[in-house]
Amino acid sequence: MSLVLQFADADCAEVRRAGGKGASLARLAGAGLPVPPGFVIPANALADALPDDGAELHALARRRDAEGARKLVTEVELHPALREAVLAAYAALGEDDAPVAVRSSACAEDSDAASFAGQQETFLHVRGGDQVRARIRDCWASFFSERALFYRAEKGSLDDLGMAVVVQRMVQADAAGVLFTCDPVHNRRDRMVVEAVIGLGEAAVSGAVTPDHYVLRRDGRVRRARVHEQPYAIVADEAGGVMRRELAPDEGGARKVGDDLLAQLARIGDELEQQLGAPQDIEWAVQDGELYVLQARPVTT
Amino acid sequence: MAVTTRDDEVLGTNFGTDAFPVQWREGERDLFWIYDDLHIPNPVSPLFFDIGGWWLSCDHMFRRFGTPFACDWIAKEVNGYVYTAAVPCDPELHAEATEYENRYVPRVPRDPEYAGEIGAYLGGVLPIYAANFIDWWRARLRPEIERNFAYLDEFDDADASLLELAVLLEDAIDIHDRHWKIHWMLNFAQFASTQNLNQVIEEVGGDPSLMGRLQSSVEDRNWDAIEDLWQAKEEVRSDPELQSAFEAATAAEVMEALGGSDRGRRLIAERIESHQRTFGYKALWSHELMYKLWVEDPAPIVEAIRGYVATDYDYPANLRAVSDDLEAAKREVMEDVEGEDRERLARALELSLKMNPLTPDHHFFVDQGTNARLRLVVIAIGRKLVEAGALDDPEDVVFLHYNELRRLMADPRAFDAAELVSDRRDEHEEAFERRAPAWLGTATKSAIEFPYGGLWGFPDRFYAGEPTTSGEIKGLPASPGVVEGTARYVAELDEFDKVQEGDILVCRMTNPAWVVLFTKIKGLVTEAGGAVSHPAVVAREFGIPAVVGTGNAGERIATGDRVRVNGATGVVEILET
C-alpha cells in the first residue's frame, strides 16, 4: 500500500483510510470540482511507521497516558520511508516551499462531536518540509490529548488509532466562505445561501467577523444580499502562519463577492448536490478570480 | 361597561409609518387594532389567516351572549402581522372585514338602542352558563369534540383523491368553526363563574387577593401530559443505557441511539410514540398551520424528557405543592365567614373550582387539538399536490390562499404554484424585517379599555408606548422568530442554574452539554457559530429565535439588559429600559 494517498487514488475516497475530510476531498476531486492539490497521510501510517508497529502507543492509549502517548508521537523516530514519501508528495505541490494547510481527518463517524473533544487540529499556511512534518505529528498528538482519550474511552474505543492527516496547498484567498445548497435556516430547497468574507474563511469561524449573507435562487440570481462591515481579514503571513490585515471601512463595508461569482457558486453547488443526492455545506475560496472548493459535507438541518 | 362609540374621546392614532405602512379599507381607520402577539407573534401564513383564525367565530359569541360592548371581532393582516379589532355595537359603523378571503361587513345591530338594552339579557344568562357549563362539557361538548377528532384522525388520506381531501378540508373547517364556538361559550362560562366568586368574596368581606391562587387546577390534560413525560423520565433515569442515549447532541440523534437497542426501541414504542398519540396534537405555536406537531415529530418530547432527566423533575412533589397551595387558599378564603354568607361562598367556590380544569383542557381540545387537526388535513393535501407535481414540499401548501388551494385541488396545473410559493416564502421572511407596532388605527378611551384588551397588556401598553433601541448587534440569522426578554450571559457550565425560565441566553458557543438550557430559554445569542452550527441546529429544533456569530455580544450585552432577538434577520437590539 502507498505510504501517502493522492486525492485521485481510489482508496483515498474511503473514510477508513483517509478519514472524513480526506475522503470527502477525494470524492470532490473525483467529481471534477476545483479542489486545491494535496495528499493524505492515511490512518494506518502512524502505527505502521512506529518501530514496534504501534504496540507501545496502543498500550499508552489504553492506560490513558496522554502525556506518554504524545511524547512518543512527537519524538519517536519513524520509518524513513514515510518521511521520504511525505517530502516527495509535498515537493510535488509546488516550488519554493509552497504554503499548505495541515489538518486532522478523523475516521470516527461522529466527527462533529469529536471536534468538541479537541481531536481536530488545523494548521494554516505551513511552509517547508520540516514544518509540514512537525505539524503532521502535532495532528497525531492532538488525537492523544487527555480530552481526546477521555472522549474515546467514553464514546469510542481506546484501541482506535485511526487518524489520517490531510496536507493541501493553501489558497491565498481574496475572499472565502460557505455555500449551502439549501436554506438551512428556513428549511428551503428552492434557495441557496452564501456566506462570504474577505481573506481566509477562518475569520468567520470564530464569530469574530460576521460574514456577508446572500440568498440565491437555485439558478444563481441574487434574491437578497445582507452586507456586514468586516473590520479585518485573516490572510497568509509571508513568514508562515496567518495574520490579521485591518480593512478600511470602504473595503470592509462593501460587498465581498459579485453576482458572477455567486452564480458560479450556485452552478457548482447544484451540480454537487445532484451528484451526492442531498443538500451540501461547501467551503469555498477564490484566488485571482479562480474558484476553489475546499470541503463539502451534507447539511444537517 | 362603557359602550364604545365613535364619538368617544380620541387619545391617539397610528395610520402607519414609512417603516410600517398600512393600507386602509373603508371604516377600518376608526377601529382600534391590536397586534395579536399573544397568539400569532410571527408573520402569519396566508392559509392560516384565511381559514384558521380564532376571530372567525366571534360574531357568533357576541350574538349568543348578547354582549353590549361588541358585536364582532375582525382581523387584518398588515405587512404579514395579524391585527384584530373588536367591533362596537354601533349601527353607524361601516367597516370592511375579510373571512375565508371574502369581503364582508361586520355584523352590527340595526337598532341603535341595542347596546343600551341588551345588557340585562347578558346579566341574566351568564349565571346559567356558569352553573351548567361543566356538565354540558362533560356530557355533551367534550364527547362531540372527541367524535369529530376521531372522524378526522381515522380518515384514510393516503388513499383519498385530491377532491376527496378537498371535501375533508371543508369538514375540518366546519369542525374548527364549531369547536371555536364551544371555546367562546366555555370562556364566557368560566368568566361568569370566576366573576361570581369574586363578587361573593367581596360581599362577604373575604380577601380578593386569593383569587389568583383559587384558579389552580390539579386534574386536567396538562397534568396528565406532564405525568406521562415524568414516567418516561423515571424509566430513563433508572437505566444507564437509556440515559446514555439521551446524552446525544440533538433529538434526532437521541432517537437514532434509542433505535439501536431493544431497550431503546421499547421506550420509543411504550413512552414516546404513546405520548405522541395521546398528547401530540399540538405545536410550538398553536395559532398557525406551519409548525410541525409533536405527533409528526417527537423532537420536543425527547427534549422535554431530557430536561426532566437533567433536573430530575419531581412531578408528584410539584403536583402536591400546587394542590396544597390550593387547599390552603380555600381554607383562607373561608376563614371567619359564617352563617348564610359561608354557604353562599362555599357554593360559589365549588362552582368556580369545578371550572378550573377547563383552562388547560380547552387549550388541549380547541386551541391545540383542533388547529392541529386542521394542519394535518392541509398537509395531507400538500402531499397529494407534491405527488401531482404542483408543489415541491407538502409544507408549501400553507403559503397558498384558500381559494388558490381550492383551484389547485381542482386542477394541479391551474397555475405555477411552486413559483408563487417561493415568492410567498420570501415575503414571509422579509416580514420579519419590520417591527409591528402594538396597535394601529384610532385609540379611544373606551377602545383601549375594552374588557379583553388586558390579554394583550392594554391599556398599560398604550400609555407605555413603543420601546426604543439603544444599540444593535449584527450576527447571522439562525432560527427565525422574534422575541423580547431579559438577557443572561453564561460563560461556564456551573452558571447553568442561574438561567431563569424565559431568559434570553447569551454565550460564546453551545455544545451538547448546553441542551438542558434550551427547555428554559426563549431566545439565544451566541458569539461564534454559523447557520448549521450546534446552537443554530438545536435552536431550530426547539423553535427558539436565535442569532449566532455575533462576535462580541457577550461584551455588549449585560445580564439583565432587555433585548430583542430577531432570528430571521440576525439582528439583536438592546432596548431602552
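Let me begin with a pair of strands in chain A: β3 (residues 100-106) and β5 (residues 163-169) run antiparallel and are joined by seven bridges. Helices (H or I, at least four residues) and strands (E, at least two) are DSSP runs, numbered from the N terminus, and two strands pair if DSSP finds at least two bridges between them. In this pair, A:Val102 stands opposite A:Val167 of β5(A).

This is a predicted model, in which local features need pLDDT of at least 70 and side-chain atom pairs count only at pLDDT 80 or more, while totals for chains, interfaces and linings use all residues. Residues are numbered from 1 along each chain as its sequence is written, and chains are lettered from A and ligands numbered from 1 in the order in which they are written.

The β3-β5 pair belongs to an open sheet of five strands in chain A, in the order β1-β2-β5-β3-β4, with antiparallel pairing. The edges of that sheet are β1 (5-6) and β4 (122-126) of chain A, each pairing on one side only. Two helices deserve mention here. Helix α1(A) lies across β1, β2 (38-41), β3 and β5 of chain A, at about 125° to β3(A). Helix α7 (residues 129-142) of chain A lies across β2, β3, β4 and β5 of chain A, at about 25° to β3(A). Axes here are lines fitted to C-alpha atoms, for helices over the stretch in contact, and angles run from 0 to 180 degrees between N-to-C directions.

I turn to the other sheet. Six strands of chain A form an open sheet in the order β9-β8-β7-β6-β12-β13, again with antiparallel pairing. Its edges are β9 (222-226) and β13 (290-298) of chain A; each has a single partner strand, so one side of each is left without a neighbour in the sheet. From one strand to the next, the twist averages 20°. Within the sheet, β7 (residues 191-198) and β8 (residues 212-217) of chain A pair in the antiparallel sense over six bridges, and A:Arg191 stands opposite A:Arg217 in β8(A). Helix α11 (residues 259-276) of chain A packs on this sheet, touching β6 (175-180), β7, β8, β9, β12 (280-287) and β13 of chain A, and its direction makes about 140° with that of β12(A).

What of the core? A nonpolar core is a set of buried Ala, Val, Leu, Ile, Met, Phe, Trp, Tyr and Cys residues joined through C-beta atoms within 7 Å; buried means that 20 or more other C-beta atoms, placed from the backbone, lie within 10 Å of a residue's own. The largest such core has 128 residues, and among those touching the most other members are A:Val102, A:Ala164 and B:Ile504. Helix α1 (residues 15-30) of chain A gives the most to this core, with seven residues. Leaving aside neighbours within four places in sequence, A:Ala164 has contacts that include A:Ala18, A:Gly22, A:Ile41 and A:Cys107, a contact being two C-beta atoms, placed from the backbone, within 7 Å.

Finally, the two chains meet: 26 residues of chain B are in contact with 24 residues of chain A. On the chain B side, the elements giving two or more residues are α15 (417-431) and β9 (476-479) of chain B.

Methods
A residue is buried if 20 or more other C-beta atoms lie within 10 Å of its own, exposed if 12 or fewer, and partly exposed in between; C-beta atoms are placed from the backbone.
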